[in-house]
Amino acid sequence: MADRLPDADGIIVRGTPIDRALLDGAPRLRFVCRHGVGYDNVDVPALTERGIVLAVTPDANATSVAEHALMLMLALSRRVVDFNAGVRAGNWVVPAESRTSDLAGCTVLIVGLGRIGGRTARLCAAFGMHVLIHDPYVPANTVSALGFEPVPDLAAALGRADIVSLHLPSDGTTRGTVGTAFLAAMKPGSLLVNTARGTLVDEAALEAALRSGHLAGAGLDVIHDEPMRAPIPLLALDSVVVTPHVAASTRQGLRRMALAAAGNTIDFFAGRLNPSAVINRELLADGRQPARG
Ligand SMILES: NC(=O)c1ccc[n+]([C@@H]2O[C@H](COP(=O)([O-])OP(=O)(O)OC[C@H]3O[C@@H](n4cnc5c(N)ncnc54)[C@H](O)[C@@H]3O)[C@@H](O)[C@H]2O)c1
């Protein structure tokens, strides 16, 4: 990448950090598009200072991630990983006392009612779950109109939910949200699902909550330090199901993200990029984005 940077007018990026050091080597750069929607690997202020527009691929992966969140809820509540491992080991054992649960009738708390949270909420409702929504930036009447229950008081809502599913961005205001206090407020025996970002969660606090039995399980598509170089302590627990940040990466999701990233890049240099895909929209307002590339 370093060899190409001096000539690059635009970059399509997935996980590579886009930081000041990289930007110093890219004097021509005017546009960056994230292949995905999270942009915590991009130094947005540094881009904005240089007048470089950052776009994402909104909606391209929302369906895929929402389905993955449901899959993790089902995997945990139906203990599919344990059962599968048991059968493969030759144990066709139906436990005398069931340790599995239906999703129907459960209460789920969706934290963050954006593109993915909204789809996950609808899937949960279709499964017959009661859906609580905590999102300080979405008006309560909007949540109610969608058929969900708005819960402005996060701590109180945590005590009511059988499953908490995270769908908020990880940034300076939200990093570490799921710490000791958050976990202690969760209902005993409840489940945590994280398909958002690993940095939202204090993994030591989560491990303690699982080891004490306060939480019954955690389904994680993301961890604090990615990629994982050595097994993290959470992997020692059977109550944890982990996937390697693949929620968005179905064949269809990858194709939609690739087409959207390429389309955004073509549109930017043609002066017709849809502003809804842009993160640092102040650049569009102050006219620093050229009308035609
Ligand atoms: N696992 C994956 O492969 C994968 C793929 C795509 C996105 N993601 C992650 O999923 C998350 C959601 O993506 P999206 O496209 O739905 O984003 P989005 O911007 O559409 O939605 C985020 C929502 O979170 C809300 N929010 C912000 N701060 C909040 C807070 N403190 N409490 C509650 N809600 C808050 C916002 O109001 C917004 O409605 C992001 O963290 C993103 O990085 C993960």
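In this predicted model, the ligand is surrounded by 25 residues, and the closest of them are Ile116, Asp135, Leu168, Thr195 and Asp221. By residue type, the shell around the ligand divides into 12 nonpolar, 9 polar and 4 charged residues.

At arginine 115, a polar atom of the backbone lies 2.9 Å from a ligand oxygen. Arginine 197 takes part through its side chain, where a polar atom is 3.3 Å from an oxygen atom of the ligand. The side chain of histidine 245 likewise places an N or O atom 3.4 Å from a ligand oxygen. As for surface area, the ligand taken alone exposes 870 Å², and 85% of that is buried by the protein.

Turning to the overall layout, the chain is divided into two domains. Domain 1 is made up of residues 5-59 together with 250-285, while domain 2 covers residues 63-242. Between the C-alpha centres of domain 1 and domain 2 there is a distance of 30 Å. Where the two domains meet, 9 residues of domain 1 are in contact with 7 residues of domain 2.

Note on methods
Residues are numbered from 1 along each chain as its sequence is written. This is a predicted model: local features need pLDDT of at least 70, side-chain atom pairs count only at pLDDT 80 or more; totals for chains, interfaces and linings use all residues. Side-chain values use heavy atoms; hydrogens and water are left out. A residue is near a molecule or strand if one of its heavy atoms lies within 4 Å of it. A polar contact is a pair of N or O atoms within 3.5 Å; within protein, one must be able to donate a hydrogen and the other to accept it, and residues adjacent in sequence count only if both atoms are side-chain atoms. Accessible areas come from the Shrake-Rupley method with a 1.4 Å probe; for residues, only the protein chains shown count as cover. Ala, Val, Leu, Ile, Met, Phe, Trp, Tyr, Cys and Pro count as nonpolar, Asp, Glu, Lys and Arg as charged, and the others, Gly among them, as polar. Domain bounds come from an automatic or database domain assignment. Contact means heavy atoms within 4.5 Å.
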